[in-house]
Amino acid sequence: MTDEIGVGLIGYGMAGRVFHAPVIGSLPQLKLKKVVERHADASRQRYPWVEVVRDAADILHDEKIELIVVATPNASHFDFARDSLLACKHVVVEKPFATTSAQAQQLIELARQQNRLISVFQNRRWDGDFQTVKKLLEASLLGRLVEYESRFDRFRNYRQEDAWREEAGPGSGILFDLGSHLIDQSLVLFGLPRTITADIRIQRDGGTTDDNFEVILDYEALKATLKSGMLVREQSPRFILHGTIGAFIKYGLDPQEAALKRGLTPSDANWGEEPREQWGTLITELGGLQVEGRVETLAGSYQDYYRNIADAIRARASLAVKPEEALSTVRIIELARQSSEEKRTVEFSS
């Protein structure tokens, strides 16, 4: 077995094309060998060494491929991940892992039986702004945190035709899409909540699946509010944190997604660095003095997700994004839907 890990990518839509393939290609430990594309050869234009295949079976039965990345519509995650594990491959699944917690649990048990690694692509743990928030909290610069608000908004006042995320069905809607990131980040910072209170809506004309949500995770002394909408034309803060001695407010989105869409990769200079005008503002007390100033945003690093995957496969590191954590994210989405439908607060239960 060579140190290089052969990778097969199932799906070359936005997730595969923008996020997975360029980040995989930036790391010497990983080698993208095959891509499943149903009707085109788009991946070969950027990665001429890649073999394009039409059927996932061509990847499942290739002994040179150790890792399979599932970057398909949410409703198909379970089937492709299950088949990959049964073929004795390690697996990375695009978030949100599966459309139900029961499916997620089945995949965890199967991975254990097959002695294979399975993880979920929660890349936004490596957003620079989230890493900065995490470090601020670790340094206790706000005192005891009492309120945390995280927003991830877009503005598109029409429903995209033929876009599976905007069609009614399992795994569609903004809560599964953007909510998966916000929930995961909250779990990283604070762990499992005591209760969940949610308001999930369809706001756009002609909409058939949710395009707005507010989810409140209760941690007793701390309230975490997670919000997202598709009709947010005027930018709101990305993060608002309030503590017993200070506050932190941050505007703007991590620049890595935009850079990937422009064709850049983590191999490019100054990757993940945010412009000074987007740095957050910290107001706090230090040594009995009130301090107010800008906090330089740490550089984002999506490549660290896949670097950890490679190291975990070679037993050089423990897995950073564990499947059990992704299962909890899916479970919170289920409970948030229950809360919104029943118009009440629900207790967290696994």
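Okay, let's start with the second largest pocket: the biggest share of its lining, 3 residues, comes from α5. Keep in mind that what we're looking at is a predicted model. So how much space lies in this second largest pocket? About 320 Å³. It's lined by 15 residues, and the closest to the centre are A111, R116, L117, I118 and L319. Which elements give two or more residues to that lining? Those would be α5 (101-114), α10 (303-313) and α11 (323-342). If you sort the lining of the second largest pocket by class, you get 9 nonpolar, 3 polar and 3 charged residues.

Now, over to the largest pocket. This one holds about 530 Å³ of space. There are 28 lining residues here, with M14, R154, R165, D177 and L178 sitting closest to the centre. Three helices each put at least two residues into the lining of the largest pocket: α1 (14-25), α7 (174-177) and α9 (256-261). Of the elements, α1 gives the largest share, 3 residues. And the classes?

Last stop, the surface. Find L286, L289 and V291 on your screen: together they form a nonpolar patch with about 260 Å² of accessible area. L286 belongs to strand β13, which covers residues 280-286.

How values were computed
Residues numbered from 1 in each chain as written. Predicted model: local features only at pLDDT ≥ 70, side-chain atom pairs only at ≥ 80, totals over all residues. Heavy atoms only, no water. Patch = residues over 30% accessible without salt bridge, like charges linked within 9 Å, V, L, I, M, F, W, Y side chains within 5 Å. Areas by Shrake-Rupley, 256 points an atom, 1.4 Å probe, with all protein chains shown as cover. Salt bridge = Lys/Arg side-chain N within 4 Å of Asp/Glu carboxyl O. Helix = DSSP H or I, 4+ residues; strand = E, 2+ residues; numbered from the N terminus. 1 Å grid on protein atoms, 1.4 Å probe; cavity = no way out; pocket = protein on both sides within 12 Å on 5 of 7 lines; lining within 4 Å. Points joined across faces, edges and corners; volume = space filled by probe spheres on them. Nonpolar A, V, L, I, M, F, W, Y, C, P; charged D, E, K, R; others polar.
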